[in-house]
Amino acid sequence: MYHFMQDAELNKAFDVWSGYLEARTGEDPEIRARLRSLLESAREAAAEGDAASARAWVADLYDEACAAGLPWAPPRLRPCEADRQTRDYVKDELRRALPVHLREELDSIAIYLSVTARRLRTAPGLDAAARQDVLYVTARAGMALDLAHPTAARRELERLKALARRWGVEP
């Protein structure tokens, strides 16, 4: 899964930079040609299985765009934002690779999780610690769903249902 995440991170960067370079933003053609060359080098390195070099080329893309003062170039994201976007990208890619029965199972768990969490969040009398527990368990279940791990997601859903029963909420 870690390698899948790394691949997704690179593929997301390739898509973002390709989209930018295809856009007509009026910047210097020489700078854009240099950025295209860097992007191609990064793609070649990734295709050869050299993820470290590919990431270095992608970093060079950001550095070149920053040094050239390109106002419309993709910004270097903060780590939390980069992780969030990569996670979204992985979810999309992983969903395409999963068999239909597994996707349906994950979707079913996600629906139960959403309904139970919503009922708990709107329950009257829930204290701050309980609300924090709901958020924590829901996040763990969400991660398990993102990683296509139905057993772990179901386990977290059961924990959430136990919280609901403890607080007198119909799961």
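## Starting at A152

At 13% relative accessibility, A152 counts as buried (buried means under 20% relative accessible area, exposed over 50%, and partly exposed in between, using a 1.4 Å probe and protein chains only). This residue is found in helix α7; helices here are DSSP runs of H or I with at least four residues, numbered from the N terminus. If you look for F4, you will find that A152 and F4 are 148 residues apart in sequence and 19 Å apart in space, C-alpha to C-alpha.

Before going on, a word about what you are looking at. This is a predicted model, in which local features need pLDDT of at least 70, side-chain atom pairs count only at pLDDT 80 or more, and totals for chains, interfaces and linings use all residues. Residues are numbered from 1 along each chain as its sequence is written, and side-chain values use heavy atoms, with hydrogens and water left out.

## Helix α2 and its two sides

Let's begin with the length of α2. This helix has 19 residues, 29-47, and at 1.5 Å a residue they should span 27 Å, which agrees with the 27 Å between its end C-alpha atoms. The expected span is 1.5 Å times one less than the number of residues.

Which residues of α2 are buried? They are R32, L35, L38, L39, A42 and A45. These residues cover an arc of only 145° around the axis, so they sit on the same side of α2; the arc is that of the directions from the helix axis to the C-beta atoms. An α-helix has 3.6 residues a turn, so residues three or four places apart point the same way. The face of α2 turned away from the buried side carries the exposed residues P29, E30 and A47. Just after α2 comes G49, with a positive phi of about 85°.

Leaving aside neighbours within four places in sequence, R32 is in contact with Y20, L21, E22, A23, T25 and E27 (contact means heavy atoms within 4.5 Å).

Now move along the chain to α5.

Take L113 as an example from α5. Is L113 buried or exposed? It is buried, with a relative accessible area of 7%. Beyond its neighbours within four places in sequence, L113 is in contact with T138, A141, G142, L145, L157 and L160. The C-alpha atoms of L113 and L126, 13 residues apart along the chain, are separated by 18 Å.

## Helix α6 and what covers it

Several of those partners of L113, among them T138 and L145, are also buried residues of α6. Helix α6 runs over residues 128-146; at 1.5 Å a residue its 19 residues should span 27 Å, and its end C-alpha atoms are 27 Å apart, which agrees. The buried residues of α6 are A130, V134, V137, T138, A141, G142, A144, L145 and D146.

R87 has its place in α4 and counts as partly exposed, at 36% relative accessibility. Leaving aside neighbours within four places in sequence, R87 is in contact with G142, M143 and D146. R87 and M143 are 56 residues apart in sequence and 9.4 Å apart in space, C-alpha to C-alpha.

Where does A148 sit? This alanine is found in the loop between α6 and α7. At 15% relative accessibility, A148 counts as buried.
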